[in-house]
Every structure is written in structure tokens, then in C-alpha cells.
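Have your viewer ready and try each task before reading on.

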Amino acid sequence: MNQLLESNRKSWDKVAHYFNGVDALPSYGPFTQTEDELKLLDDLQNKKVLDIGFGSGHSLKYMAEEKGATELWGVDLSTEQKLAAEKTLQGLEPRLFCAPMEQEIDLPKDYFDCVYSIYALGWTTDLKATLKLIHSYLKQGGSFVFSWDHPLYAHISSEKGVITLNGSYQQEGLHTFEKFKGENAPMTIHTRKLATYINELIQAGFIIEKVVESDEGAHFKDEDAPVSDQYYSLYKTRRFPSTLIIKARK
Ligand SMILES: C[S@@+](CC[C@H](N)C(=O)[O-])C[C@H]1O[C@@H](n2cnc3c(N)ncnc32)[C@H](O)[C@@H]1O
């Protein structure tokens, strides 16, 4: 594993407990429409699914209990997340692997009906390699669904409710921040443009079926959205999509 991934892994191990089911299906992301509203997943009864960045395992649990998937596989960088997911998925016999999503770890090829990733794909240090691998894991006709921060959202700041552009959307590349969830847990992340996600999917051989720039979920429609400068807020979400969701097919 390269130094950057090793450092991110250590930090994820530190902050894993903050992500106990927070970004998990049926939610696609903060304040975003859910799977019940968007209906992006195929019929997965008795099917094989693979979760990229499974976190606490709650999305895999949803796949088993709500969608009827019978083979639950997952890859995640963090050993702490794997421990958490094993607890969440007790009795469901998941096959969980602790590894970077961008690395070949001999998962079966042409095997899965659905590969998906909820708020994890953007952590990859190599989008091209990751999408090539994901494409190879899928059966012909299988689907790939992922959600991630809307690429422009990371550049939107709110100062007393006035929305401003922060940094440059044009400059893609690595960014390191020293604190995560208030912990001393440095993380390095690659910012990318919306077109990069779309073009890399096409280059990997996917057919794009649906692109969602999120709106607030039905659950939030009646909530007040007072001025808020927080990174994720209903206030910002009512003005700009927090989440990008793409469904593609092999
Ligand atoms: C926000 S959490 C995802 C939540 C999860 N999808 C769920 O449904 O609950 C992001 C996850 O990505 C994992 N991650 C970060 N970088 C990764 C990488 N390069 N390869 C695999 N997993 C990674 C982290 O360990 C963390 O568990």
C-alpha cells in the first residue's frame, strides 16, 4: 500500500466510530433523497452484491434485509470499519475484505449483479483503476450505483448564509486536511470535476443510465432550514445539491 493510503487508513481507523450507519442505504447522502424515492437499485432478490467502502456495514445489511440480496461482499480500507461491519452483519455471513478499493485483490470477475458505493468512491487515489476493477467484478448487464459529494459542493462555503466559492473547481488534485471529525486524523483526498467521474465511467466501459444531482429528501420537506454555515446543512442543500448519484451498467 502506498504511503498516502497507509496514512488515510490510520486516520479512518481513528474516526470509524463516527460513521456507524450515518451514510448508509437507504440514504444516499446528507439531506438527500433516499432509495425509496429514487428507486435506482435493480431487483436484487437472491443476487450477489459488492459494497465498495462498506464502512459500518449498514448498507450491506439493507441489501440483505430490504432487497433480499443473498451474497454480501465488501471492500474497505479500515480495519476498525471491518470490525464494526462484522458486528452489524452478524449472522448474514458477509465476505469482507480490508483493502484499498484501487487494488487488485482477486475478487471474482464477471460475478456480481450489483456493485455499489455510498459516500466512499471519492476517497480513491486512482479513479481510473478503481472503475476498471469495478467493471471487471460485474456480470454483463450488472449495475454500478454510487453516491458521493457533488464535486462542486466541496467548493461551496457559507459565511453567515452568503454562499461563496472556495478554492478552484478547475484544479483537480490531492488535498490534505489535518483534522477530520475534530480528531487529529490527517486525510488526503483527490478533488475531481463532475465530468471526470462521467468520462472515467465511460472509459471504463460503463453505460450511464442516470445522473442525479440531489435535492432535499422528502423527509426534510417540512423542516425549517435556518441559515447555517456547516459543511452539510439543509440551508445549503436547498440551494445546491450536496450529493452526486450515478447509476451505470456493464
Ligand atoms: C463515509 S464511509 C462509507 C459509509 C458506508 N458506505 C456505509 O454504507 O455505511 C467511507 C468509507 O470509505 C473507506 N475508504 C476510504 N478510502 C478507501 C479506499 N481507498 N479504499 C477502500 N475504502 C476506503 C473508509 O474506511 C470508510 O469506511
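How many salt bridges does the structure hold? The structure holds 13 salt bridges, a salt bridge being a side-chain nitrogen of Lys or Arg within 4 Å of a carboxyl oxygen of Asp or Glu.

This is a predicted model, where local features need pLDDT of at least 70 and side-chain atom pairs count only at pLDDT 80 or more, while totals for chains, interfaces and linings use all residues. Residues are numbered from 1 along each chain as its sequence is written, and side-chain values use heavy atoms, leaving out hydrogens and water.

**Exercise 1.** Describe the salt bridge between Asp110 and Lys250.

*Step 1.* The closest N and O atoms of Asp110 and Lys250 are 2.8 Å apart.

*Step 2.* The pair links distant parts of the chain, 140 residues apart: Asp110 is in the loop between strand 3 (95-98) and strand 4 (112-118), and Lys250 in the segment after strand 11 (243-249). Strands (E, at least two residues) and helices (H or I, at least four) are DSSP runs, numbered from the N terminus.

*Step 3.* Lys250 counts as buried because its relative accessibility is 12%, and Asp110 counts as partly exposed because its value is 49%. Buried means under 20% relative accessible area, exposed over 50%, and partly exposed in between (1.4 Å probe, protein chains only).
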